[in-house]
Amino acid sequence: MKPPAFEWVAPDSLEACLAELIDSDGDVRVIAGGQSLIPLLNLRFARPLRLVDINPRDELAAITTAATATGYEVRIGATVRHQGVLEDAALNDVCPVFAQAAIEIGHLAIRNRGTFVGAVAHADPHGEWPAVALALSGVVSAQSAERGERAIPAAEYYLGPYSTSLETDEMVTAVAFQIPRDQSAACCEVSPRRGDFAQAGAVAALSATDGQVRSARVALFGEATGLRSLSVESLVGASLAELDPRAWDSVSIRLCAGAAAGANQRLVEHVVACALADAAGQRARAAAKEEQ
Ligand SMILES: Cc1cc2nc3c(=O)[nH]c(=O)nc-3n(C[C@H](O)[C@H](O)[C@H](O)COP(=O)(O)OP(=O)(O)OC[C@H]3O[C@@H](n4cnc5c(N)ncnc54)[C@H](O)[C@@H]3O)c2cc1C
């Protein structure tokens with residue numbers, strides 16, 4: 001299959017990339033890894049007149065992880081590949097859910113080209129990164145030539161499947177996360193084969209101070225549910241040490257009511273319980289280590 005004709009430009013500065021998007025009304029699109037956009041062009045589901053290639057922009061290629069008073073601030077630039085996220089030791093040291101999710105994405109060739117930010121921008125409800133952005137309360141940095149930068153919380157960024165609040169003259173330059181020191185997160189998914197998009201997936205982020213759950217959030221993704229995120233209020237105040245693993249099942253069942261039916265519901269319950277149990281286990285182990 002061949003794409004419709006389009007112009008391709010690779011401007012030599014970020015400002016010039018943004019200038020391309022002014023008044024574009026969707027006819028000019030950013031291309032990052034091309035792992036979602038090129039198939040869409042080939043299938044003629046998208047017909048942009050011009051593609052703005054941001055790959056040469058070195059200023060967008062970094063992952064930074066910096067300590068703050070309450071934890072860590074992580075920032076992932078727009079040309080960082082999935083494999084770059086997977087292999088970033090500093091990032092995965094403070095928040096291993098990034099590596100856990102990245103390894104589930106496609107195959108090595110796709111992970112070497114596709115970008116974290118491209119996947120966040122694309123808003124595929126089957127993708128891991130939008131769910132990570134929601135569960136970890138990520139903030140999307142959107143930049144335009146005329147209005148500068150604005151920060152969009154992930155919960156406000158996602159409007160529906162493949163639909164976001166990004167304006168047509170805006171580009172996502174990075175996604176940032178504040179990772180509290182007392183937070184652990186985990187990703188669990190079920191897919192027909194390794195590397196396929198998930199049938200059901202969940203990312204859980206859980207904070208606990210002095211052995212008590214302070215907050216818990218789960219974001220669902222995949223065929224069974226699409227992208228949705230929920231705060232698990234029923235766990236707040238629970239004692240981490242005394243949480244019976246069976247409690248995860250009842251939380252999952254309540255969370256999943258209405259999200260999916262039949263066999264799919266059981267898959268969703270399973271991934272939610274796994275992600276919550278994994279996040280809680282990580283938190284309990286980290287707390288035990290801190291006490292030593
Ligand atoms: C065989 C196969 C298997 C895959 N499996 C998975 C999987 O298991 N999980 C998963 O999550 N993904 C999967 N993908 C998709 C892959 O992860 C893509 O890399 C990702 O969804 C999009 O990233 P990209 O950099 O390739 O974006 P592109 O394809 O370049 O762009 C996608 C869309 O986002 C927009 N965009 C990109 N970057 C920006 C930006 N900085 N600012 C504004 N808009 C931007 C583009 O204009 C376009 O509309 C798979 C893809 C293939 C081909």
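A residue is called buried if 20 or more other C-beta atoms lie within 10 Å of its own, exposed if 12 or fewer, and partly exposed in between, with C-beta atoms placed from the backbone. Helices (H or I, at least four residues) and strands (E, at least two) are DSSP runs, numbered from the N terminus. This is a predicted model, in which local features need pLDDT of at least 70 and side-chain atom pairs count only at pLDDT 80 or more, while totals for chains, interfaces and linings use all residues. Residues are numbered from 1 along each chain as its sequence is written.

**First stop: helix α8**

Select α8, residues 128-135. Eight of its eight residues are buried, so α8 is largely enclosed by the rest of the structure. Among the buried residues are Glu 128, Trp 129 and Pro 130. Just after α8, select Ser 137, which takes a positive phi of about 50°.

**Second stop: the ligand**

The ligand is surrounded by 28 residues, and the closest are Gly 33, Gln 35, Gly 114, Gly 118 and Gly 127. Which element gives the largest share of the shell? That element is α7, with five residues. Besides α7 (116-122), at least two shell residues each come from β2 (28-31), α2 (37-42), α8 and β10 (170-180).

Colouring the shell by class shows 15 nonpolar, 10 polar and three charged residues. Here Ala, Val, Leu, Ile, Met, Phe, Trp, Tyr, Cys and Pro count as nonpolar, Asp, Glu, Lys and Arg as charged, and the others, Gly among them, as polar. Why does the shell lie between two domains? Domain 1 (7-51) and domain 2 (62-180) both contribute residues to the shell, so it lies between them. The domain bounds come from an automatic or database domain assignment.

Strands pair if DSSP finds at least two bridges between them; β1 and β3 (residues 50-53) are joined by three. Look for Val 9 opposite Val 52 in β3.

Strand β4 (residues 63-67) pairs with strand β5 (residues 71-77) in the antiparallel sense over five bridges. A hairpin of three residues joins β4 to β5, and Thr 64 has Arg 75 in β5 as its bridge partner. Next, show β10, which runs antiparallel to β5 and is joined to β5 by seven bridges. Gly 77 stands opposite Ala 174 in β10.

**Last stop: two loops**

Most residues other than glycine have a negative phi. Select Asp 25, in the loop between α1 and β2, where phi is positive at about 55°. Asp 25 counts as exposed because it has 8 C-beta neighbours inside 10 Å. Finish at Asp 210, in the loop between β12 (200-209) and β13 (212-221). Asp 210 has a positive phi near 50° and, with 9 C-beta neighbours inside 10 Å, also counts as exposed.

How values were computed. Near = placed C-beta within 6 Å.
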